[in-house]
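Please read them with the structure open.

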Amino acid sequence: MNRTLTRSLMASLLALIGILHGCNIFPTFSRQDPSSTSEITDSDIINYARTVLTIESQRQIAYQKIEDIIDDPPPEIVCDSPKSFRKLPNEVQKIAVDFCNSSKNIAEERGLTASKFNSMTRKAQGDETLKQQIQNAMVKIQQEN
C-alpha cells in the first residue's frame, strides 16, 4: 500500500509540476524577488510540498466545476495572463480567478512568494535531487494525514 501511495504521489507531483509550470499559476513579477534566487531550505521544500498538495486539491475542484459548466475538459488557464480568461464564459472566469487568487494565498500563507514558488517549480523540473526531496516531503505529509 505504501509503495502504491508513493507511486501515486510521485505521478501526481510530476503532473502538477508540469501543470503549474505550464499554467504559471502565480503572477510573474518583473522585479526580481531576492528570495527566489536564494538557497532552497528544508523548510522551503516542506512548505512547497504542502502548497502543491493543497493547490492540487483546489485545482481538481475548480476544474470539475468548469467541466460541469462547459461540458468539456477545461482549457488552459494562465493566472498571470488575463487573455487566457477572456474567452471563457463569465461563470468560468470567476472560478478561474478564484482559483488563481486562492493558489497565491495558499503559497503566501506557507511563506512562499509567487517568485519563490515559481523558481522552485522551474528548478524541480531540471533538478532530480530537488524533485526527489519534494516527492519525499509530499509522501511524508500524506502519511501524516
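**Notes on helix packing and confidence**

1. In this predicted model, helix α3 meets α6 through two sets of residues: Asp44, Ile45, Tyr48, Thr51, Val52 and Ile55 belong to α3, and Lys116, Phe117, Met120 and Thr121 belong to α6. Sorted by class, this contact holds six nonpolar, two polar and two charged residues.

2. The geometry of that pair comes next. Helix α3 covers residues 42–70, and its axis lies 11 Å from that of α6, at an angle of about 90 degrees. Angles of 65 to 115 degrees count as roughly perpendicular, and α3 and α6 are therefore roughly perpendicular to each other.

3. Helix α6 (residues 114–126) also packs against α7; the two axes come within 6 Å and cross at roughly 115 degrees. That angle makes α6 roughly perpendicular to α7. The crossing of α6 past α7 is left-handed.

4. Which residues make the contact between α6 and α7? From α6 they are Met120, Lys123, Ala124, Gln125 and Gly126, and from α7 they are Glu128, Leu130, Lys131 and Ile134. By class, the contact of α6 with α7 contains four nonpolar, two polar and three charged residues. Met120 is listed in this contact and is also listed where α6 meets α3.

5. Asn47 sits in helix α3. Is Asn47 buried or exposed? Its relative accessible area is 19%, and the cut-off for buried is under 20%, so Asn47 counts as buried. Apart from neighbours within four places in sequence, Asn47 is in contact with Arg110 and Leu112.

6. Val97 belongs to helix α5, which spans residues 90–109. With 36% relative accessibility, Val97 is classed as partly exposed.

7. A word on confidence. The mean pLDDT of the protein is 77, and 74% of the residues reach 70 or more. Among the elements, helix α7 (residues 128–144) has the highest mean pLDDT, 92, while helix α2 (residues 34–37) has the lowest, 44. Over residues 17–37 the pLDDT is below 50, yet in the model this stretch has 56 contacts beyond near neighbours in sequence.

Notes: Residues are numbered from 1 along each chain as its sequence is written. This is a predicted model: local features need pLDDT of at least 70, side-chain atom pairs count only at pLDDT 80 or more; totals for chains, interfaces and linings use all residues. Side-chain values use heavy atoms; hydrogens and water are left out. pLDDT is the predictor's confidence in each residue, from 0 to 100. Helices (H or I, at least four residues) and strands (E, at least two) are DSSP runs, numbered from the N terminus. Contact means heavy atoms within 4.5 Å. Axes are lines fitted to C-alpha atoms, for helices over the stretch in contact, and angles run from 0 to 180 degrees between N-to-C directions. Angles under 35 degrees count as roughly parallel, over 145 as roughly antiparallel, 65 to 115 as roughly perpendicular and the rest as oblique. A crossing is left-handed if the near helix is turned anticlockwise from the far one by less than a right angle, and right-handed if clockwise. Ala, Val, Leu, Ile, Met, Phe, Trp, Tyr, Cys and Pro count as nonpolar, Asp, Glu, Lys and Arg as charged, and the others, Gly among them, as polar. Buried means under 20% relative accessible area, exposed over 50%, partly exposed in between (1.4 Å probe, protein chains only).
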